[in-house]
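Subject: Structure for you to look at

Hello,

Please find the structure below. My notes on what was found in it come after.

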Amino acid sequence: MGLSIKAWLVLCLLSVAAVPAGVFLGGMLLAGPYAGANGLFSLMGDIYGDALALRPSALLLLSSPVLFAAIWAIALAAAKKLSGARAGGPGH
């Protein structure tokens, strides 16, 4: 049921690459163009620089898809375990 290590690594790489682009596009649609000189590349440099400086906001932003997938996998495993415990309970 769970994802393999390879799938988690691919998800990590995709989140690091796709999150800044998603933030850029969302910001462009909602607030206008990014103020940096090079647009998307300036934003990526700012986000990656903050992540390398271990700023929690940048780390959370870049890891958010992986955290979401982990929480989802834990919730599905817990639901499966609970439904299995109910099915094998007394009276069955």
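Leaving aside its neighbours within four places in sequence, which residues is Ser-42 in contact with? They are Tyr-34, Gly-36 and Ala-37, where contact means heavy atoms within 4.5 Å. Ser-42 itself sits in helix α2. Helices here are DSSP runs (H or I, at least four residues), numbered from the N terminus. With a relative accessible area of 16%, Ser-42 is buried. On this scale, buried means under 20% relative accessible area, exposed means over 50%, and partly exposed is in between (1.4 Å probe, protein chains only).

Before the rest, some notes on the source. This is a predicted model, so local features need pLDDT of at least 70 and side-chain atom pairs count only at pLDDT 80 or more, while totals for chains, interfaces and linings use all residues. Residues are numbered from 1 along each chain as its sequence is written, and side-chain values use heavy atoms, with hydrogens and water left out.

Helix α1

Helix α1 covers residues 5-31, which is 27 residues. From its first C-alpha to its last it reaches 38 Å, close to the 39 Å expected at 1.5 Å a residue; the expected span is 1.5 Å times one less than the number of residues. The helix bends by about 30 degrees at Ala-18, the bend being the angle between axes fitted to the seven residues ending there and the seven starting there. A proline, Pro-20, follows within four residues of the bend. Pro-20 is also one of the buried residues of α1, and the others are Ser-15, Val-19 and Phe-24. Just after the helix, Gly-32 takes a positive phi of about 105 degrees.

Not counting residues up to four places away in sequence, Val-16 touches Tyr-48 and Leu-62. Its C-alpha is separated by 32 Å from that of Lys-81, 65 residues apart along the chain.

The loop between α2 and α3

Helix α2 spans 40-52, and Leu-54 is placed in the loop between α2 and α3. Is Leu-54 buried or exposed? Its relative accessible area is 62%, so Leu-54 is exposed. Phi of Leu-54 is near 60 degrees, a positive value in a residue other than glycine. Most residues other than glycine have a negative phi.

How many salt bridges does a search of the whole structure find? It finds one, a salt bridge being a side-chain nitrogen of Lys or Arg within 4 Å of a carboxyl oxygen of Asp or Glu. The side chains of Arg-55 and Asp-50 meet in a salt bridge at 2.6 Å, N to O. Arg-55 is partly exposed at 43% relative accessibility, and Asp-50 is partly exposed at 27%.

Helix α3

Leu-67 lies in helix α3, residues 56-87. Its relative accessible area is 39%, so Leu-67 is partly exposed. Together with Leu-60 and Ile-71, Leu-67 forms a nonpolar patch on the surface, with about 300 Å² of accessible area. Patches are made of residues with over 30% relative accessible area and no salt bridge; like charges are joined within 9 Å, and nonpolar side chains (Val, Leu, Ile, Met, Phe, Trp, Tyr) within 5 Å. Accessible areas come from the Shrake-Rupley method with a 1.4 Å probe, and for residues only the protein chains shown count as cover.

Regards

Definitions and conventions
Helix = DSSP H or I, 4+ residues; strand = E, 2+ residues; numbered from the N terminus.
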